[in-house]
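Me: Hi! Could you walk me through this one while I have it open? I'll ask as I go.

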Amino acid sequence: MELEQALHATRALVLADLSAGDVAQADVVSLVEDAVAHRRWWVEQWPEGAVFLAGLVAQDVQDALLDKFGRWPVCPVCTETGDPHALAIEPELGPDPHWVCPEAGVTIAKVGGLGTVLGP
(Lines give C-alpha, C1' and ligand atoms only; values in the text may rest on other atoms or scores of the structure.)
Protein backbone atom coordinates (compact mmCIF):
# COMPACT_ATOMS: atom_id res chain seq x y z
CA MET A 1 0.00 0.00 0.00
CA GLU A 2 2.81 2.45 0.81
CA LEU A 3 4.38 1.74 -2.57
CA GLU A 4 1.12 2.57 -4.36
CA GLN A 5 0.74 5.77 -2.36
CA ALA A 6 4.29 6.82 -3.21
CA LEU A 7 3.73 6.11 -6.90
CA HIS A 8 0.41 8.00 -6.97
CA ALA A 9 1.92 10.95 -5.11
CA THR A 10 4.84 11.03 -7.52
CA ARG A 11 2.52 10.93 -10.53
CA ALA A 12 0.48 13.80 -9.08
CA LEU A 13 3.57 15.96 -8.45
CA VAL A 14 4.96 15.53 -11.96
CA LEU A 15 1.54 16.06 -13.55
CA ALA A 16 1.13 19.26 -11.51
CA ASP A 17 4.42 20.57 -12.92
CA LEU A 18 3.46 19.60 -16.46
CA SER A 19 0.09 21.32 -16.04
CA ALA A 20 1.78 24.44 -14.73
CA GLY A 21 3.81 24.60 -17.93
CA ASP A 22 0.72 23.84 -20.01
CA VAL A 23 2.28 20.70 -21.50
CA ALA A 24 0.08 18.00 -19.94
CA GLN A 25 -1.34 16.72 -23.22
CA ALA A 26 -2.28 13.04 -23.57
CA ASP A 27 0.98 11.98 -25.21
CA VAL A 28 2.98 13.69 -22.45
CA VAL A 29 0.86 12.10 -19.74
CA SER A 30 1.71 8.76 -21.38
CA LEU A 31 5.39 9.57 -20.81
CA VAL A 32 4.60 10.05 -17.10
CA GLU A 33 2.82 6.70 -16.98
CA ASP A 34 5.79 5.02 -18.67
CA ALA A 35 8.22 6.58 -16.18
CA VAL A 36 6.07 5.57 -13.21
CA ALA A 37 5.81 2.00 -14.52
CA HIS A 38 9.57 1.83 -14.95
CA ARG A 39 10.21 3.21 -11.47
CA ARG A 40 7.63 0.81 -9.97
CA TRP A 41 9.96 -2.08 -10.74
CA TRP A 42 12.92 -0.12 -9.42
CA VAL A 43 11.29 0.74 -6.08
CA GLU A 44 9.96 -2.80 -5.67
CA GLN A 45 13.58 -3.91 -5.73
CA TRP A 46 14.65 -1.15 -3.32
CA PRO A 47 11.70 -0.03 -1.14
CA GLU A 48 13.88 2.48 0.75
CA GLY A 49 14.22 4.34 -2.54
CA ALA A 50 10.56 5.44 -2.45
CA VAL A 51 11.66 8.84 -1.11
CA PHE A 52 13.58 9.36 -4.37
CA LEU A 53 10.66 8.63 -6.72
CA ALA A 54 9.51 12.20 -7.35
CA GLY A 55 12.92 13.41 -8.48
CA LEU A 56 13.63 10.33 -10.55
CA VAL A 57 10.28 10.33 -12.36
CA ALA A 58 10.56 14.08 -12.99
CA GLN A 59 14.01 13.51 -14.52
CA ASP A 60 12.74 10.56 -16.57
CA VAL A 61 9.90 12.68 -17.97
CA GLN A 62 12.25 15.60 -18.60
CA ASP A 63 14.59 13.32 -20.56
CA ALA A 64 11.71 11.80 -22.55
CA LEU A 65 10.34 15.26 -23.37
CA LEU A 66 13.74 16.46 -24.56
CA ASP A 67 13.92 13.57 -26.99
CA LYS A 68 10.41 14.16 -28.36
CA PHE A 69 9.46 17.83 -27.82
CA GLY A 70 12.33 19.90 -26.47
CA ARG A 71 13.39 21.45 -23.18
CA TRP A 72 11.08 21.24 -20.18
CA PRO A 73 10.64 23.04 -17.90
CA VAL A 74 12.22 26.15 -19.33
CA CYS A 75 13.86 28.41 -16.76
CA PRO A 76 11.58 31.31 -15.82
CA VAL A 77 14.49 33.28 -14.30
CA CYS A 78 16.90 33.59 -17.21
CA THR A 79 14.51 35.08 -19.75
CA GLU A 80 16.83 37.95 -20.69
CA THR A 81 19.62 35.78 -22.15
CA GLY A 82 17.76 34.77 -25.31
CA ASP A 83 19.03 31.21 -24.92
CA PRO A 84 16.32 29.29 -23.05
CA HIS A 85 17.51 26.42 -20.94
CA ALA A 86 15.81 23.77 -18.88
CA LEU A 87 15.70 23.60 -15.13
CA ALA A 88 17.49 20.75 -13.38
CA ILE A 89 16.54 18.53 -10.45
CA GLU A 90 18.54 18.71 -7.23
CA PRO A 91 19.48 16.53 -5.59
CA GLU A 92 19.75 14.15 -8.52
CA LEU A 93 19.13 11.24 -6.16
CA GLY A 94 17.74 12.35 -2.86
CA PRO A 95 14.64 13.21 -0.91
CA ASP A 96 12.85 16.57 -1.28
CA PRO A 97 13.78 17.18 -4.94
CA HIS A 98 13.45 20.67 -6.34
CA TRP A 99 13.85 22.45 -9.65
CA VAL A 100 16.89 24.72 -9.90
CA CYS A 101 18.33 26.99 -12.54
CA PRO A 102 21.74 25.51 -13.36
CA GLU A 103 22.90 28.83 -14.83
CA ALA A 104 21.97 31.16 -11.96
CA GLY A 105 22.23 28.51 -9.24
CA VAL A 106 18.88 29.41 -7.69
CA THR A 107 16.08 27.19 -6.47
CA ILE A 108 12.87 27.71 -8.43
CA ALA A 109 10.36 25.32 -6.80
CA LYS A 110 9.92 21.90 -5.29
CA VAL A 111 8.94 19.13 -7.67
CA GLY A 112 5.19 19.55 -7.93
CA GLY A 113 5.40 23.26 -7.14
CA LEU A 114 6.07 24.85 -10.53
CA GLY A 115 2.49 26.16 -10.49
CA THR A 116 3.51 28.70 -7.88
CA VAL A 117 6.16 30.05 -10.26
CA LEU A 118 4.73 29.47 -13.73
CA GLY A 119 1.08 29.88 -12.88
CA PRO A 120 -1.76 27.39 -13.36
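Me: Let's start with Phe-52: is Phe-52 buried or exposed?
Reply: Phe-52 is buried, at 14% relative accessibility. Here buried means under 20% relative accessible area, exposed over 50%, and partly exposed in between, with a 1.4 Å probe and protein chains only. This is a predicted model, where local features need pLDDT of at least 70 and side-chain atom pairs count only at pLDDT 80 or more, while totals for chains, interfaces and linings use all residues. Residues are numbered from 1 along each chain as its sequence is written, and side-chain values use heavy atoms, leaving out hydrogens and water.

Me: Thanks! Which ring does Phe-52 form an aromatic pair with?
Reply: With Trp-46, in a tilted pair at 5.4 Å centre to centre and 35° between the planes. Rings of Phe, Tyr and Trp (its six-membered ring) pair if their centres lie within 6.5 Å; planes under 30 degrees apart are stacked, over 60 edge-to-face, the rest tilted. Trp-46 is partly exposed, at 35% relative accessible area. Trp-42 joins Trp-46 and Phe-52 in a cluster linked by ring pairs.

Me: What lies over the face of Trp-42?
Reply: Arg-39 does, at 5.6 Å from the ring centre. The rule asks for NZ of Lys or CZ of Arg within 6 Å of the ring centre and within 35 degrees of the ring normal.

Me: And how many aromatic pairs are there?
Reply: Three by this rule. One of them is Trp-72 with Trp-99, edge-to-face at 5.3 Å and 80° between the planes. Trp-72 sits in the loop between α3 (53-68) and β1, and Trp-99 in strand β2, so the pair ties together parts 27 residues apart in sequence. Helices (H or I, at least four residues) and strands (E, at least two) are DSSP runs, numbered from the N terminus. Trp-72 is buried at 7%, and Trp-99 is buried at 0%.

Me: New topic: in what order do the strands sit in the sheet?
Reply: The open sheet runs β1-β2-β3 with antiparallel pairing. Strands pair if DSSP finds at least two bridges between them. Four bridges join β2 (residues 98-101) to β3, and Trp-99 stands opposite Ala-109 in β3.

Me: Which peptide bonds are cis?
Reply: Trp-72 to Pro-73 is cis, with omega near -15°, and so is Glu-90 to Pro-91, with omega near -10°. Pro-91 is in the loop between β1 and β2.
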